Amino acid sequence: MSQIATGERVLQELPAASAPAPGRFRKESAWRRRDRRWGYVFIGPQLFGMLLFVVLPFAASLVLAFASWDGLSELEWVGFENFTAQFQDDLLWKSIANTLIIAIVTVPIGLGLAVIIAVALEKLKTRTLYLVLFFAPVVTSTVAVAMIWQQMFRGDGVLSTAISKIFGIAPPDWLQDPKLALLAVCIVTIWSSLGLNVVIFLAGLQNISPSVIEAARIDGAGPWRLFTSIRLPLLSPIVFFSSVVAFISSLQTFDTVYVLVQDAGPDNATRTIVYHIYDLGFGEFEIGPSSAASVILLVLTLIITGIQFGAQKKFVHYEGDAA
């Protein structure tokens with residue numbers, strides 16, 4: 001009984017400080033409110049820029065897609081006439097076809113080369129130098145890149161002269177040949193985006209657990225089996241991410257075409273859908289049809305991205321997935 005009485009006395013004598021102080025929560029709440037206000041201050045310029053340069057132009061484009069306007073005269077509502085006219089325009093379909101060709105050619109080849117180069121650089125001690133060389137085109141102005149390649153693709157340029165000497169044929173004039181102009185755009189696109197993908201894939205390869213690689217080698221896996229059964233499946237989430245970004249970027253190809261090939265090449269051989277939008281809006285001042293074409297591009301991008309996300313369930317393997 002004396003022990004019980006002693007325990008009750010100890011509980012009664014516990015200091016009141018063990019309970020939360022009355023003003024403690026109010027002080028913490030005030031600090032959180034102050035921190036939240038500073039957060040709004042820091043993200044405010046970004047939000048303002050996004051509203052001004054992204055949200056408002058997007059909303060204006062949706063409105064103008066259903067109107068006829070040349071930028072100066074009074075706005076006139078025309079309903080779906082702009083979309084109907086665009087779907088009946090051969091230039092739109094040619095632009096879509098050229099854009100899809102660029103995407104289908106550049107994305108698989110560019111990502112495939114990036115994976116091969118990343119695997120080759122993984123074990124090199126001097127890979128930093130190579131990464132700098134590969135990444136240089138990524139941070140170089142697209143205009144500068146296009147102008148350099150423009151000189152190489154000329155009939156008397158370095159590339160055409162080398163092909164002429166090696167194969168004994170007349171020097172090809174890439175940018176004036178409808179069959180070669182689009183190929184020239186694809187080459188420049190692959191070359192300029194290769195470095196970024198190499199860096200991303202190399203980081204993904206280095207993130208693979210060495211114990212997994214060692215276990216596969218103990219089981220007798222050779223270099224090819226190790227790549228196809230271990231490294232590539234574990235790298236598939238990064239490949240999927242890069243393919244989505246690359247496809248969206250390819251669908252928005254404009255600056256390379258604008259600088260590299262004059263007036264979208266002979267017979268509009270390199271006319272992309274973004275160039276088509278630019279030509280309608282700033283070349284012919286048909287703002288309504290230009291906005292309609294931009295909405296069509298948005299829908300096309302959503303469809304292709306949706307197909308990619310649907311296909312990832314079969315080809316993308318995450319490390320935490322059940323075997």
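Which residues form a nonpolar patch on the surface? The legends below take up this patch and then other sites.

**Figure 1. A nonpolar surface patch in a predicted model.** The structure shown in every view is a predicted model. The patch consists of Phe-48, Met-50, Leu-51, Leu-52, Phe-53, Val-54, Val-55 and Leu-56. Together these residues have about 810 Å² of accessible area. One of them, Phe-53, sits in helix 2, which spans residues 24-64. Phe-53 counts as exposed because its relative accessibility is 62%, and the cut-off for exposed is over 50%.

**Figure 2. The chain as a whole.** The chain has 323 residues, and 34% of them count as buried. Its secondary structure comprises 13 helices and 2 strands. Take the contacts between residues at least 6 apart in sequence: 65% of these join residues at least 24 apart. The chain exposes about 20500 Å².

**Figure 3. The salt bridge between Arg-231 and Glu-122.** The structure holds 3 salt bridges. In this one, the closest N and O atoms of Arg-231 and Glu-122 are 2.4 Å apart. Arg-231 belongs to helix 10, while Glu-122 lies in the loop between helix 4 and helix 5 (127-139), so the pair ties together parts that are 109 residues apart in sequence. Side chains of opposite charge can pair when their charged atoms come close. Are the two partners buried or exposed? Arg-231 has 10% relative accessibility and so counts as buried. Glu-122 is buried as well, with a relative accessible area of 12%. Both values fall under the 20% cut-off for buried.

**Figure 4. The salt bridge between Asp-156 and Arg-154.** The side chains of Asp-156 and Arg-154 meet at 3.1 Å, N to O. Asp-156 is exposed, at a relative accessible area of 54%. Arg-154 has 39% relative accessibility, so it counts as partly exposed.

**Figure 5. The salt bridge between Arg-271 and Asp-279.** These two side chains meet at 2.9 Å, N to O. Both Arg-271 and Asp-279 are buried. Asp-279 is also one of the buried residues of helix 12, the subject of the next view.

**Figure 6. Helix 12 and its cover.** What covers them includes helix 3 (81-87) and helix 4 (90-121). Helix 10 (223-251), helix 11 (255-260) and helix 13 (287-315) are also among the elements that cover them. Helix 12 is followed by Phe-285, which has a positive phi, near 55°.

**Figure 7. Thr-189 in helix 8.** Thr-189 lies in helix 8, which covers residues 178-206. Which backbone oxygen does the side chain of Thr-189 reach? The side chain reaches the backbone oxygen of Val-185, at a distance of 2.8 Å. An α-helix has 3.6 residues a turn, so residues three or four places apart point the same way. Thr-189 has a relative accessible area of 14%, so it counts as buried.

Notes:
Residues are numbered from 1 along each chain as its sequence is written. This is a predicted model: local features need pLDDT of at least 70, side-chain atom pairs count only at pLDDT 80 or more; totals for chains, interfaces and linings use all residues. Side-chain values use heavy atoms; hydrogens and water are left out. Helices (H or I, at least four residues) and strands (E, at least two) are DSSP runs, numbered from the N terminus. Buried means under 20% relative accessible area, exposed over 50%, partly exposed in between (1.4 Å probe, protein chains only). A polar contact is a pair of N or O atoms within 3.5 Å; within protein, one must be able to donate a hydrogen and the other to accept it, and residues adjacent in sequence count only if both atoms are side-chain atoms. Contact means heavy atoms within 4.5 Å. Accessible areas come from the Shrake-Rupley method with a 1.4 Å probe; for residues, only the protein chains shown count as cover. A salt bridge is a side-chain nitrogen of Lys or Arg within 4 Å of a carboxyl oxygen of Asp or Glu. Patches are made of residues with over 30% relative accessible area and no salt bridge: like charges are joined within 9 Å, nonpolar side chains (Val, Leu, Ile, Met, Phe, Trp, Tyr) within 5 Å.
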